[in-house]
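Biologist: Please put the structure up, and then we can go through it by question and answer.

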2 protein chains.
Amino acid sequence: MTQQLKTYKDIRQIVMARITSQIWPVGELIPNEQDLAEEFGVARATVNRAIQEIADAGFVERRRKAGTRVVPRRSRDAVVQIPIIGEQISDMGRYYSYQLVAREIVPVTKKIAKELSLTPRTPAMHLICRHFADDIVWQLEDRWINLAAVPTVKAQKFDVIGPNEWLVREIPYSNAEHVFRAATASSIERRHLDLESDEPVFVIERKTWQASNIITWVRLSHSGNRFSMTTRDEIPYGKDALE
Amino acid sequence: MTQQLKTYKDIRQIVMARITSQIWPVGELIPNEQDLAEEFGVARATVNRAIQEIADAGFVERRRKAGTRVVPRRSRDAVVQIPIIGEQISDMGRYYSYQLVAREIVPVTKKIAKELSLTPRTPAMHLICRHFADDIVWQLEDRWINLAAVPTVKAQKFDVIGPNEWLVREIPYSNAEHVFRAATASSIERRHLDLESDEPVFVIERKTWQASNIITWVRLSHSGNRFSMTTRDEIPYGKDALE
DNA sequence: TAGTGGTCTAGACCACACT
DNA sequence: GTGTGGTCTAGACCACTAT
């Protein structure tokens, strides 16, 4: 019998299988690294790497002296990927186009002042844009940009590329907060989204910042009849080692 | 001057800072592991671990011989945590209660047959439940369970604990697919969710499976006026090493 | 105090993919 | 062919924390 050498991925897969199959049930301690290293015939560092990754993925908790314990599943994570709108529409196999509806520098409203952490009536750039899939309005964008955080925005006309795309190039690594909700369409949305009567809208609101500078706040609205968000979340480390 | 020893977290933080500050701009190669190891005065394995994690988080792409390259941000991941409903309501500081509205074993509808991959008219368990926050209906649950995948469900009355909670205990490690949408309320939803007239609903549909067995499909509906989902997604590895 | 995980090292060999 | 990352090892020391 040929003894195959085990990699950290093999070990990760075996350990994960023992957890999901409840050989090591929720709440139980699993053997320590030294014992597993002997069982699998590898160095302790190899076992450590395998179990580290399982711990990072949230399936076990490790504490010095106490050992490694299978944790109860307290919530389900759904990872929503929010693509650049143009790419999303192209990926659907449809023709993307963009229209700038309004661009103005105006004092912020009370609500936006709060979102951008500005004092009331500070000037900010306000944009309204429409994003089309073929000839259907797919997304209405209502955006405010903090001029202090992104002064170069004043030179941008946004007649050809949208503010989202421009901001992603300008400030590639920003933090974000999203709110998803179902809403009754506002009058602006009714006017620009070509909605059926009483059709709800799916709204994504996003605030982005870098360090402590709030950069922009945006409300993205979509026809409730046409739009949905889908995620697929599988237990990781399942079949890596099966080739 | 005291030379501090650098850990892999220090290096991860420094490298990440060089990426986010665009010292190493999008699209560029970064130095190889050997050079970085020398710069930081650590073993190559330490640099490897730091950059591995940054690659896992999706900020760089590594290829043998070609090196490590800063990748353009193509989409934004928003991680939505969908908690066990009872815990979510308790966490809001409100009183959670549960009501079973209907429990029956009936042939699946055409739509559900498709979702559960069953032949039409196979019997399945159908449940309607209401979840309350204080005295408000917070969530309406319309659930179908595949009897072949979970035979023990037939013995469950679900008069005290909800099917979600029971299934999480029974089958802790299942895969899931979610769909989020804004919809006009159906008649069942209008009847059970105490909605204002023409109020939209926020709908979460979830299908779960383990290996190739589809376990359950559920539609969770919420008042659009009261419900929203929020995520906060920050660039990782920012301040770990600053204490 | 003792047992566990957390991390580092120096060296090694390998797998891959650019040339 | 050759330079890069991918991984493993054996040993070491450290940092927690349960007891």
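Modeller: A polar side-chain atom of A:Gln52 lies 3.5 Å from a phosphate oxygen of DNA strand C. This is a predicted model, in which local features need pLDDT of at least 70 and side-chain atom pairs count only at pLDDT 80 or more, while totals for chains, interfaces and linings use all residues. Residues are numbered from 1 along each chain as its sequence is written, chains are lettered from A and ligands numbered from 1 in the order in which they are written, and side-chain values use heavy atoms, with hydrogens and water left out.

Biologist: Which residues come nearest to DNA strand C?

Modeller: A residue is near a strand if one of its heavy atoms lies within 4 Å of it. There are 23 residues around DNA strand C. Those that come nearest are A:Arg44, B:Thr7, B:Tyr8, B:Thr46 and B:Arg63.

Biologist: What percentage of the atoms of DNA strand C within 4 Å of the protein do sugar and phosphate account for?

Modeller: One backbone example is B:Tyr8, with a backbone N or O atom 2.6 Å from a phosphate oxygen of DNA strand C. A base is also approached: an N or O atom in the side chain of B:Arg64 is 3.0 Å from a base nitrogen. Of the atoms of DNA strand C that come within 4 Å of the protein, the sugar and phosphate share is 69%.

Biologist: Which element supplies the largest share of the surface near DNA strand C?

Modeller: Helices (H or I, at least four residues) and strands (E, at least two) are DSSP runs, numbered from the N terminus. Helix H3 (44–56) and strand E3 (67–70) of chain A, with helix H1 (8–20) and helix H3 (44–56) of chain B, each supply at least two residues. The largest share, four residues, comes from H3(B).

Biologist: Which strands of chain A stand at the edges of the sheet?

Modeller: The sheet is open, antiparallel and ordered E1-E3-E2 in chain A, where two strands pair if DSSP finds at least two bridges between them. Each edge strand has a single partner, so one side of each is left without a neighbour in the sheet. The edges are E1 (29–30) and E2 (60–63).

Biologist: Is A:Glu33 buried or exposed?

Modeller: A:Glu33 is in helix H2 (residues 33–40) of chain A. Its side chain makes polar contacts (N or O pairs within 3.5 Å; within protein, one atom must be able to donate a hydrogen and the other to accept it, and residues adjacent in sequence count only if both atoms are side-chain atoms) with the side chains of A:Asn48 at 2.8 Å and A:Arg62 at 2.7 Å. Buried means under 20% relative accessible area, exposed over 50%, partly exposed in between (1.4 Å probe, protein chains only). At 12% relative accessibility, A:Glu33 counts as buried.
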